[in-house]
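Work through the exercises below with the sequence and the 3D structure open beside you. Try each task before reading its solution.

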Amino acid sequence: MNKYRTIYEAVGEDAGIRRIVEAFYPEVQRNPLIGPLFPEDIMPVMDKQHMFLTQFFGGPSLYSDAYGHPMMRARHMPFPITPERAEAWLGCMREALTEIGMPEDLKAIVLERLSGPAHHFVNTNEREM
């Protein structure tokens with residue numbers, strides 16, 4: 001990644017972020033732990049994720065320009081996010097990055113960068129029934 005200034009550049013900028021998002025959400029929808037948390041019409045979620053990841057990985061501030069400060073923990077509070085669900089989310093991302101053929105070293109960087117926020121969103125320790 002050293003020849004790139006940002007993760008956004010390393011993953012292929014806008015087209016790369018779109019590939020990640022398009023590979024990620026089918027994984028999410030299939031996942032029994034987190035799929036039910038998402039709406040049937042996943043396109044608006046995918047659009048927001050594209051904007052957020054673009055900004056989060058060092059690209060243009062698309063999300064903030066459209067919605068203001070991300071405040072992602074607050075935006076996720078209505079949903080029961082358990083440690084298991086955070087791990088499931090990261091697992092779906094890992095699968096998506098593998099599916100698109102992301103090099104292992106870059107995949108590790110992306111997952112590390114997403115791991116902190118994923119666990120920061122945990123708001124309950126209740127076990128799934």
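**Exercise 1. Which residues does T124 touch, not counting residues up to four places away in sequence?**

Solution. Step 1: take a contact as heavy atoms within 4.5 Å. Step 2: leave out residues up to four places away in sequence; T124 then touches P80, I81, T82 and P83. Helices here are DSSP runs (H or I, at least four residues), numbered from the N terminus. Step 4: T124 has a relative accessible area of 16%, so it is buried (buried is under 20%, exposed over 50%, partly exposed in between, with a 1.4 Å probe and protein chains only).

Before going on, note the source of the values. The model is predicted, so local features need pLDDT of at least 70 and side-chain atom pairs count only at pLDDT 80 or more, while totals for chains, interfaces and linings use all residues. Residues are numbered from 1 along each chain as its sequence is written, and side-chain values use heavy atoms, with hydrogens and water left out.

**Exercise 2. Is M51 buried or exposed, and which residues does it touch?**

Solution. Step 1: find M51 in helix α3. Step 2: its relative accessible area is 16%, which means that M51 is buried. Step 3: without residues up to four places away in sequence, the contacts of M51 are L62, Y63, A66 and Y67. Step 4: for a distance, go from M51 to F121; the two are 70 residues apart in sequence and 19 Å apart in space, C-alpha to C-alpha.

**Exercise 3. Which residues touch the most other members of the largest nonpolar core?**

Solution. Step 1: a nonpolar core is a set of buried Ala, Val, Leu, Ile, Met, Phe, Trp, Tyr and Cys residues joined through side-chain atoms within 4.5 Å. Step 2: the largest such core has 39 residues, and L53, F57, M93, V110 and L114 touch the most other members. Step 3: two or more residues come from each of α1 (7–10), α2 (13–30), α3 (43–56), α6 (83–99) and α7 (104–120). Step 4: α6 gives the most, with eight residues. Step 5: look at L53, which is in contact with I17, I20, V21, M93 and L114 once neighbours within four places in sequence are set aside.

**Exercise 4. How do α6 and α7 pack, and at what angle do their axes cross?**

Solution. Step 1: axes are lines fitted to C-alpha atoms, for helices over the stretch in contact, and angles run from 0 to 180 degrees between N-to-C directions. Step 2: the axes of α6 and α7 cross at roughly 160° and come within 10 Å. Step 3: the two helices are therefore roughly antiparallel (angles under 35 degrees count as roughly parallel, over 145 as roughly antiparallel, 65 to 115 as roughly perpendicular and the rest as oblique). Step 4: residues making the contact include W89, L90 and M93 of α6 and V110, L111 and L114 of α7. Step 5: by class, this contact has nine nonpolar, three polar and three charged residues (Ala, Val, Leu, Ile, Met, Phe, Trp, Tyr, Cys and Pro count as nonpolar, Asp, Glu, Lys and Arg as charged, and the others, Gly among them, as polar).

**Exercise 5. At what angle do α2 and α3 pack?**

Solution. Step 1: the angle is about 135°, and the axes are 9 Å apart. Step 2: α2 is therefore oblique to α3. Step 3: among the residues of this contact are I17, I20 and V21 of α2 and L53 of α3.
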